[in-house]
Amino acid sequence: MVSVLVSCEWLKEQLDAGAKGIKVIDGSWHPPVAKRNARAEFEQHHIPEAVFADVEAIKDASNPLPIMFPPPEQLEQQFSQLGISNSDHVVVYDNNSDVGMLSAPRVWFMFHVYGHTNVSILDGGLPKWIASGYPTVSGATSLSPTNFKASYNADAVYSMQALLNNCSSKSHQVLDARPKGRFDGTVPEANPSWYSGHILESINIPFTAMIDPTTKLFKTKDAIQQTFQQFGVNLDQPAVAMCSTGMTASFLVLGAYILGKQVPLYDE
């Protein structure tokens with residue numbers, strides 16, 4: 001089993017050594033309010049040998065909600081076009097200097113949902129890579145199509161019906177990863193058509209609580225454990241993670257995974 005998080009130093013050593021079977025993925029995504037173009041930024045500078053995975057394109061186009069997981073056959077085609085093989089050790093990163101990472105946990109989780117667990121996150125992402133003095137390259141990356149095969153893990157995803165049933169059964173702790181203002185309903189959602197506020201009895205753990213604010217790296221295992229406990233979460237009991245789009249909820253799924261716990265993500 002590969003490490004969930006890998007350092008920039010480790011990746012640099014692997015690339016310098018010409019290690020086979022490592023596929024570096026730039027999974028950068030930015031919310032519309034940021035007015036940033038992730039693909040354009042990738043073509044300006046990215047880690048050598050990285051390919052760009054467009055989160056806005058790898059989604060269920062038939063679903064009116066944003067960036068919902070696509071059907072397995074669609075994902076197979078898109079991953080194959082990116083040159084990803086089932087035998088690859090995938091290392092995913094993003095480009096977010098404010099927090100340290102934003103979309104990489106979502107892309108990491110997407111691989112898990114479709115049966116590819118040989119995937120790591122580059123801790124600190126592109127900002128840490130650049131700050132370490134490591135090189136970047138520009139332009140598009142040449143792609144060699146493969147034949148990626150997906151194996152959908154339904155247990156990793158929580159449905160709307162399951163969430164509705166949980167309102168009465170209370171079988172799962174509902175962990176909401178949105179910022180506190182949006183959870184409390186004092187700050188509007190990014191999409192004006194979405195309701196603010198939160199599900200009754202859900203627990204707010206802002207996704208940034210998983211990041212060390214000083215280093216902008218993912219917290220250590222002990223610190224993650226302490227964070228869940230501080231927010232009143234018992235991971236020995238079932239839980240489900242949610243947010244608005246499934247993007248930041250992936251931080252809570254990732255944190256729980258590092259602790260050896262499986263927390264499904266509400267994505268419907």
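Predicted model: local features only at pLDDT ≥ 70, side-chain atom pairs only at ≥ 80, totals over all residues.
Is Arg 106 buried or exposed?

Now the answer. Arg 106 is buried, at a relative accessible area of 0%. Buried here means under 20%, so Arg 106 qualifies. What does its side chain pair with? Arg 106 forms a salt bridge with Asp 267. The closest N and O atoms are 2.9 Å apart. Look at where the two partners sit. Arg 106 is in helix H4, and Asp 267 is in the segment after strand E10, which covers 265-266. That is 161 residues apart, so this pair links distant parts of the chain. Asp 267 also counts as buried, at 9% relative accessibility.

How many salt bridges does the model have? The count comes to 10. As background, side chains of opposite charge can pair when their charged atoms come close.

Second pair, please. Arg 178 and Asp 176 meet in a salt bridge, 2.7 Å from N to O. Arg 178 is buried, with a relative accessible area of 5%. Asp 176 is buried too, at 0%. These two do not stand alone. Asp 176, Arg 178, Arg 182 and Glu 189 are linked in a network of salt bridges.

Third pair. Asp 184 and Lys 180 form a salt bridge, at 2.5 Å from N to O. Both lie in helix H7, residues 180-184. They are four residues apart, about one turn of the helix. What about burial? Asp 184 counts as partly exposed, at 36% relative accessibility. Lys 180 is exposed, at 53%.

On to the nonpolar interior. In soluble globular proteins, nonpolar side chains tend to be buried together. How many residues are in the largest nonpolar core here? It has 60. Those with the most contacts inside it are Phe 79, Trp 108, Phe 218 and Phe 228. Several elements give two or more residues to this core, including helix H3 (72-81), strand E4 (89-93), helix H4 (104-113) and helix H8 (221-230). Helix H9 (249-258) is also one of them. H9 supplies the largest share, eight residues.

Take Phe 228 as an example. Leaving out residues up to four places away in sequence, Phe 228 touches Leu 175, Ile 205, Met 210, Val 233, Leu 235, Leu 252, Gly 255, Ala 256 and Leu 259. Cys 8 is buried, at 4%.

Next, a polar residue. Ser 120 sits in strand E5. Ser 120 counts as buried, at 0% relative accessibility. Which side chain does it meet? A polar contact of 2.8 Å joins the side chains of Ser 120 and His 89. Beyond four places in sequence, Ser 120 also touches residues including Val 2, Ser 3, Val 4 and Val 6. Val 90, Val 91 and Val 92 are among its contacts as well.

Last item, the cysteines. How many disulfides are there? The count comes to zero. Cys 243 is in no disulfide. The nearest cysteine sulfur, that of Cys 167, is 17 Å away. A disulfide needs the sulfurs within 2.5 Å, so that distance rules it out. Cys 243 counts as buried, at 11% relative accessibility.

Terms used. Residues numbered from 1 in each chain as written. Heavy atoms only, no water. Buried < 20%, exposed > 50% of the residue type's maximum accessible area, 1.4 Å probe, protein only. Core = buried A, V, L, I, M, F, W, Y, C linked by side-chain atoms within 4.5 Å. Contact = heavy atoms within 4.5 Å. Polar contact = N/O pair within 3.5 Å; in protein donor to acceptor, adjacent residues only side chain to side chain. Salt bridge = Lys/Arg side-chain N within 4 Å of Asp/Glu carboxyl O.
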